[in-house]
Each structure stands twice: as structure tokens, then as C-alpha cells.
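This report works through a ligand site, a set of salt bridges and several individual residues. Please look at the sequence and the structure before reading on.

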Amino acid sequence: MSVAETYAAPPVSEAALTADGEQCQLPIRKGTLGPDVIDITSLYSKTNHFTFDPGFTSTASCESKITFIDGDEGVLLYRGYPIDELAETGKFLESAYLLLNGELPTQDQFDDFSTRIAYHTMVHEQMSQFYKGFRRDAHPMAVMVGVVGALSAFYHDSTDIRDPEQREMASIRMIAKMPTIAAMAHKYSIGQPFVYPQNHLDYSANFLNMCFAVPCEPYKVDPVLSRAMDRIFILHADHEQNASTSTVRLAGSSGANPFACISAGIACLWGPAHGGANEAALTMLQQIGTVERIPEFIARAKDKNDPFRLMGFGHRVYKNYDPRAKIMQKTCHEVLEAVGHGDDPTLKVALELEHIALNDDYFIEKKLYPNIDFYSGITLRALGFPTEMFTVLFAIARTVGWIAQWKEMIEDPYQRIGRPRQLYTGAKQRSYVPISERV
Ligand code: ACO
């Protein structure tokens with residue numbers, strides 16, 4: 001069977017392409033939802049041409065059954081379930097199970113999964129020595145990239161990607177240990193002792209406890225805050241073939257071990273155009289400061305000669321309200337009320353800015369709506385996190401999506417190493433000139 005015949009999406013018609021006078025027929029494949037795709041896997045052999053699509057704006061890099069986005073309608077589905085339904089009532093580990101296994105868990109499956117996660121939250125004690133090697137002021141994402149990559153040096157019994165049991169064990173370990181590693185990065189940066197995981201707490205409460213408890217006094221996690229944390233994790237768990245997920249898939253396509261692949265994903269997520277935008281949105285709202293100054297910033301955002309953009313507005317895929325932003329706005333209100341900052345001036349600026357922008361022709365015409373980052377910075381700050389930790393929290397949640405996508409790729413029997421081609425515009429072949437003869 002050829003690779004082209006192995007896809008689940010069947011060919012439904014054909015596209016005709018003429019290249020340099022030669023015509024070739026290419027199958028058009030139909031997915032369950034979303035645009036059909038023109039299958040160009042045979043293009044090179046048929047026409048001796050590559051396609052050119054920097055930034056993958058028109059390219060589906062893989063077939064996947066995990067997450068679906070309709071950017072025009074503002075829809076996000078995990079395995080077919082709308083994000084708002086999952087986030088409204090479900091738990092993060094339920095969504096994690098769903099993304100990994102394709103179906104929502106029964107109560108027994110959920111209990112078993114949660115227990116397995118809980119019993120893998122501790123990291124090898126020697127790993128804590130690693131942290132001392134970092135400067136106190138190291139960015140926690142730098143620490144995450146290093147420590148997560150180093151997991152492969154500690155858990156040799158779960159690095160053989162051809163063994164399904166080892167793949168499963170690596171998945172459980174990463175989801176379980178990511179909050180511990182992240183909380184340790186936070187504690188190290190503020191000079192406080194590490195707090196060990198507590199198995200009687202659920203995933204998000206345990207994380208908040210590891211971040212904010214200190215050994216010298218009792219600490220009780222506020223259930224409103226742990227519920228908010230859980231919801232934030234659900235909202236960030238997967239987003240189909242974004243930059244960091246594509247990085248994980250590409251790294252994994254060479255057969256690299258899963259810990260190394262997730263570390264590569266964390267490195268990609270660190271970039272300000274990806275995971276760092278919530279910090280930028282919060283900084284902007286603080287810079288605006290008061291409702292009276294909003295028109296000045298709106299005018300700047302609309303000015304072609306000013307590079308300023310409204311941070312937390314617009315999205316490459318969503319040309320409608322980001323469905324995650326709505327839930328984040330609600331969560332933001334809940335958290336601010338719970339911590340007694342219901343009249344937070346930054347929230348006032350955010351709400352008014354959103355209102356003005358949504359009624360302004362510039363933003364309406366360009367289909368610029370608030371994205372998830374618009375309210376997440378305010379929420380995370382109210383939860384008690386410093387801005388450097390914002391992307392780290394994103395990484396904890398996205399680990400589930402990265403692993404689900406990595407597993408899907410590895411379990412595909414026809415998976416091949418990812419190897420894009422290029423349009424070469426450099427020098428043509430020329431002969432080496434000895435240094436003494438160069439002018
Ligand atoms: N404020 C003002 N104008 C904007 C904004 C904005 N936030 N976003 C886009 N525009 C304008 C552009 O100037 C451009 O105008 P033009 O057509 O007159 O030249 C038009 O809208 C299209 O913008 P592009 O940059 O081409 O759109 P693209 O889809 O490539 O960019 C992006 C999407 C990068 C998210 C952009 O909207 C942006 O920079 N937003 C602010 C940063 C941000 O919030 N990023 C977080 C994204 S969500 C996430 O990563 C989890």
C-alpha cells in the first residue's frame with residue numbers, strides 16, 4: 001500500500017494542476033470538518049515541482065483526529081467537544097484523558113487516570129540539584145527547557161518510543177511532573193524552599209499548593225482559585241498544529257525521545273509571538289492605566305505609521321471572537337472577586353477597551369477580536385503569579401496536547417521523518433578558491 005492510500009480522509013474529487021504546460025491530477029481529500037485539502041504528496045514525482053508556503057498559511061502538515069478549529073465561526077473542539085462545555089463543567093484531567101485517548105473517561109477510568117498521575121508527581125530527588133546550577137534570576141522558561149529535557153537522563157525506562165507501555169509511562173510522567181518542575185522553577189526564583197506534591201489534592205490545587213505554600217505556616221488552597229486554574233489549563237490544553245505542537249511533531253518524527261520533544265515544544269512556546277502574548281497584553285493594559293487614555297491607544301493601534309498593536313487582539317486563525325477569550329473573561333471576574341480585587345483598574349480598562357474596539361470600524365473590518373491572552377494576564381497576576389511564570393503555566397497545560405499529538409504521530413504506522421523542501425535562491429555551484437588567491 002502506498003503512503004497516499006493510508007490516510008483516513010478519502011479522496012472525493014481531483015484538482016487539475018498545470019505546471020510548465022504539463023497537467024497532473026491531484027486527489028482532493030475530505031476531512032470530517034473544515035476545508036478539503038489538495039493532496040500534493042505525488043506532486044514532485046509527477047511534475048518535478050515543490051510547493052512554496054512559508055509559515056504554512058495554506059498547508060495541512062498532517063492528518064489528525066484530536067482538535068478542530070473553525071476560525072471564522074470561533075469554534076474550538078477537543079475530540080469533537082466544544083471548549084466551552086469542557087471548561088464550564090469538566091476537569092483538566094478529564095480533558096487530558098479525552099485528548100490522549102479520544103473519548104471522555106468513565107468514572108472508573110477517570111479515577112484510575114487521576115491516581116496514576118498523582119503517583120508520578122514527584123521528581124527524582126537528584127533533579128532538585130539541577131536547579132542550584134541556574135542563576136536565581138534565570139527565566140523560568142529557560143529552567144523548564146533544561147529540566148524537562150533532562151528528564152530523559154533520569155527515566156531511561158520510558159524513552160523507547162517503539163514500546164507502547166514506555167510511551168504511556170512517558171506520557172503519564174510528563175503530565176504528572178510538569179506542575180512540580182514548574183513550581184520548583186518558581187520557588188527557586190524567589191528563594192523559597194521547594195514544596196513537595198500532595199497526593200490528596202487534585203491536579204490544579206496541588207500545583208497552587210506547590211507554588212504558594214511555605215513550610216512555616218498552613219496554606220489552604222481556595223477552591224475558587226484552583227477551579228480557575230483548572231479551567232485555564234483546559235483552555236490551553238491543545239490548539240491543533242500551532243508552532244510549538246508542530247515543533248514537537250517535527251522533533252518526534254526523527255525518533256527523538258518524548259522528553260526531548262516536549263522540551264523542544266517549550267522552547268518554541270517561549271517566543272513572544274506564541275506563548276508570551278499574555279504578558280504583553282497585561283503590560284499594555286497597565287500602560288494605558290485609566291479608561292480616559294483608551295482613545296489615545298486605539299488611535300495609535302489604527303495608525304499605519306505607528307508599530308503599536310492592541311495586544312490580546314487579533315489571531316492568525318480566529319477571525320471571530322476566540323471562544324477561549326469568553327471563558328477567560330468570566331474566569332477573570334471570578335478570580336478578581338475571590339481575591340478581593342473586584343474593582344481592579346486593569347480589568348476596568350480591559351472591559352472598556354474591548355467594548356470600544358468591538359464597536360470600532362477598523363477592528364470590525366479587519367475582524368480583530370479579543371484572543372485568549374487579553375484577559376489571561378490579569379487573571380494569572382491575580383492568582384499570584386509573576387509575569388515570568390505566565391508562559392510556564394501555558395506549557396503545563398499544553399504538555400497534554402503536545403503528548404497527544406506526538407502519540408498520534410508515533411502510532412501512525414506510516415509515519416515518516418518530517419523533511420520540508422525549500423526554494424533555493426543562494427549561489428549556484430562554484431569552485432573552491434584557495435585563500436591566497438581570493439581578492
Ligand atoms: N491591533 C491593531 N491592528 C491589528 C492588530 C492589533 N492587535 N492585529 C492585526 N492588526 C491589523 C494589521 O495591522 C493588519 O492591517 P493591514 O491589513 O491594514 O496591514 C491586519 O490587521 C492583519 O494583520 P496581520 O498581522 O496580517 O494578521 P495575522 O493574522 O498575521 O496576525 C496576530 C495575527 C499576530 C495575532 C496579530 O493580530 C497581532 O499581532 N496581535 C497582537 C498580538 C497578540 O495578541 N498575539 C496573541 C495571539 S493568540 C496566541 O498566540 C495564543
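## Basis of the values

The model is predicted, and for that reason local features need pLDDT of at least 70 and side-chain atom pairs count only at pLDDT 80 or more, whereas totals for chains, interfaces and linings use all residues. Residues are numbered from 1 along each chain as its sequence is written, and side-chain values use heavy atoms, with hydrogens and water left out.

## The ligand site

The ligand is surrounded by 19 residues, of which the closest are K304, L310, G312, F313 and K366; a residue is counted here if one of its heavy atoms lies within 4 Å of the molecule. By class, this shell holds eight nonpolar, five polar and six charged residues, where Ala, Val, Leu, Ile, Met, Phe, Trp, Tyr, Cys and Pro count as nonpolar, Asp, Glu, Lys and Arg as charged, and the others, Gly among them, as polar.

| Ligand atom | Side chain (N or O atom) | Distance |
|---|---|---|
| oxygen atom | R309 | 2.9 Å |
| oxygen atom | R316 | 3.2 Å |
| oxygen atom | K319 | 3.4 Å |

Taken alone, the ligand exposes 930 Å², and the protein buries 70% of that; accessible areas come from the Shrake-Rupley method with a 1.4 Å probe, and for residues only the protein chains shown count as cover.

## Salt bridges

With a salt bridge defined as a side-chain nitrogen of Lys or Arg within 4 Å of a carboxyl oxygen of Asp or Glu, the count comes to 17. One of them joins R116 to E168, with the closest N and O atoms 3.1 Å apart. This pair links distant parts of the chain, since R116 belongs to helix α4 (residues 107–118) and E168 to helix α7 (residues 164–189), 52 residues apart; helices are DSSP runs of H or I with at least four residues, numbered from the N terminus. For relative accessible area, buried means under 20%, exposed over 50% and partly exposed in between (1.4 Å probe, protein chains only). R116 is partly exposed at 28%, and E168 is also partly exposed at 28%.

A salt bridge also forms between the side chains of D157 and R173, at 2.9 Å from N to O. This pair again links distant parts of the chain, with D157 in the loop between α6 (140–154) and α7, and R173 in helix α7, 16 residues apart. D157 counts as partly exposed because its relative accessibility is 47%, whereas R173 counts as buried because its value is 10%.

The side chains of E296 and R293 meet in a salt bridge at 3.2 Å, N to O. E296 is partly exposed, with a relative accessible area of 41%, and R293 is partly exposed at 34%.

## Selected residues and helix α3

A polar atom of the S152 side chain lies 2.6 Å from the backbone oxygen of G149. Leaving aside residues up to four places away in sequence, S152 touches T159, N257 and F259, contact meaning heavy atoms within 4.5 Å.

R416, in the segment after α18 (390–410), is exposed, with a relative accessible area of 59%. R416 and G255 are 161 residues apart in sequence, yet their C-alpha atoms are 9.6 Å apart in space. E165, which lies in helix α7, is likewise exposed, at 66%. Between E165 and E103 there are 62 residues of sequence separation and 19 Å in space, C-alpha to C-alpha.

Helix α3 (residues 92–101) is mostly covered, with eight of its ten residues buried. The buried residues of α3 are F92, L93, S95, A96, Y97, L98, L99 and L100. Just after α3, G102 takes a positive phi of about 95°.

Conventions. Polar contact = N/O pair within 3.5 Å; in protein donor to acceptor, adjacent residues only side chain to side chain. Helix = DSSP H or I, 4+ residues; strand = E, 2+ residues; numbered from the N terminus.
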